[in-house]
Number of protein chains: 2
Amino acid sequence: METIRLQRKVLNENDVLAAELRNRFAAAGILCLNLVSSPGSGKTTLLERTLERLREKISIGVIEGDVHTDNDARRLAGYGVPVHQIETGGACHLDAKMINRALKNLPLDGLKLLFIENIGNLVCPSSYDLGEDMKVAIVSTTEGDDKPQKYPAMFARSGVLVINKTDLLPHVDFDTQAAIGYARALNPDIRVFKLSCKTGEGIEEWCDWLLAEAEGKGA
Amino acid sequence: METIRLQRKVLNENDVLAAELRNRFAAAGILCLNLVSSPGSGKTTLLERTLERLREKISIGVIEGDVHTDNDARRLAGYGVPVHQIETGGACHLDAKMINRALKNLPLDGLKLLFIENIGNLVCPSSYDLGEDMKVAIVSTTEGDDKPQKYPAMFARSGVLVINKTDLLPHVDFDTQAAIGYARALNPDIRVFKLSCKTGEGIEEWCDWLLAEAEGKGA
């Protein structure tokens with residue numbers, strides 16, 4: 001019982017701080033997206049393709065979360081946008097306190113779009129609000145189409161489902177319509193993008209949507 | 001501070017029960033392997049290929065862990081071996097208490113090899129001893145070769161690294177030697193298998209090793 005009470009208290013503190021962050025992003029007209037997925041689903045590569053296309057059209061910042069290493073922040077720094085790495089040193093998710101601290105090193109002035117790349121983990125990050133406008137859940141076609149069934153909290157709480165690595169569809173057993181169906185059973189309004197960072201399929205549609213959402217937020 | 005103290009207490013309780021389980025497995029001459037990986041790395045398919053080859057040579061049981069659904073237990077039940085599903089209902093890892101309860105539904109009499117398929121998560125399951133002889137960490141070639149660097153605790157605590165889905169190597173950017181090097185930097189003695197459940201590459205070597213280990217344990 002003690003465990004349950006304590007966790008509830010910690011989550012409530014997180015929710016209070018996340019609400020403050022959400023107000024800050026809204027006041028600054030910044031669209032904030034929290035990218036969540038399994039390890040290796042291609043979050044960082046998707047950010048690379050996105051930065052290539054959008055960095056001259058809109059002001060973008062990135063907060064990178066990893067258990068260890070700053071490999072991903074170094075990859076993204078090459079695109080000339082502000083990037084701040086959070087190394088959790090063992091923790092399995094980002095929380096609002098970590099984002100609040102990160103913002104001391106990533107000034108929001110002028111930003112219109114802020115990506116938070118969460119820890120690769122389909123379970124724990126679903127429970128932590130970071131003040132984002134929405135979670136974007138990324139599933140690669142190599143992971144199996146049943147991931148929304150097996151990890152329902154993440155897909156129920158995400159506004160967008162990205163089905164990534166469509167270039168590998170000929171080589172894997174993945175039923176795209178089944179995956180979408182499982183996600184929509186939990187979350188009928190979830191928006192779906194099917195894309196490949198290798199062939200570029202779907203990247204334009206994804207970027208157009210990002211621009212429209214960011215413009216809507218900034219208006 | 002309160003959080004840290006409480007977690008330490010919970011882990012110690014887990015360690016005590018895991019030690020009891022380890023004694024039980026040893027007394028019964030059972031080799032127990034705890035399979036850990038990202039979601040979708042192919043743990044269940046590896047078990048299918050393993051059961052096909054070994055079920056008539058050695059007595060095998062499986063404890064399946066999932067956050068939701070009993071899809072995997074139903075897949076494996078077709079192979080005619082005892083399978084018990086644990087649905088954690090949200091929890092991000094298995095713990096020794098769950099295994100202890102599962103053993104009421106999966107009698108150990110006569111078993112020589114027990115697989116525990118953990119929740120798909122490269123972070124949290126690394127902290128929970130289940131009484132296993134060793135953890136087997138599975139990484140698929142689609143996840144990127146840097147996973148040992150990014151999730152070091154899991155690879156430091158595993159006795160075996162399985163590099164799975166080698167059939168996809170021509171289609172992905174994955175440096176097998178780099179992945180092995182990162183794992184060995186953390187854990188010089190880690191045993192490595194490279195295999196494909198699609199083409200069968202490496203399955204025989206993996207199964208031969210399992211038989212030899214199980215015989216060593218039962219002797």
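**Exercise 1.** Find which strands of chain A helix α8 lies across.

*Solution.* Start with α8 (residues 203-218) of chain A: this helix lies across β1, β4, β5 (134-140), β6 and β7 of chain A. Its direction is at about 140° to β1(A). Here helices (H or I, at least four residues) and strands (E, at least two) are DSSP runs, numbered from the N terminus. Axes are lines fitted to C-alpha atoms, for helices over the stretch in contact, and angles run from 0 to 180 degrees between N-to-C directions; contact means heavy atoms within 4.5 Å.

A note on the model: it is predicted, so local features need pLDDT of at least 70, side-chain atom pairs count only at pLDDT 80 or more, and totals for chains, interfaces and linings use all residues. Residues are numbered from 1 along each chain as its sequence is written, chains are lettered from A and ligands numbered from 1 in the order in which they are written, and side-chain values use heavy atoms, with hydrogens and water left out.

**Exercise 2.** Work out the strand order of the open sheet in chain A.

*Solution.* Reading across, the 7 strands come as β3-β2-β4-β1-β5-β6-β7, with parallel pairing; a pair needs at least two DSSP bridges. Next, look at the edges: β3 (83-87) and β7 (191-194) of chain A each have a single partner strand, so one side of each lacks a neighbour in the sheet. Then zoom in on β1 (residues 31-37) and β4 (residues 113-117) of chain A, which 5 bridges join. Within that pairing, Leu31(A) has Leu113(A) as its bridge partner.
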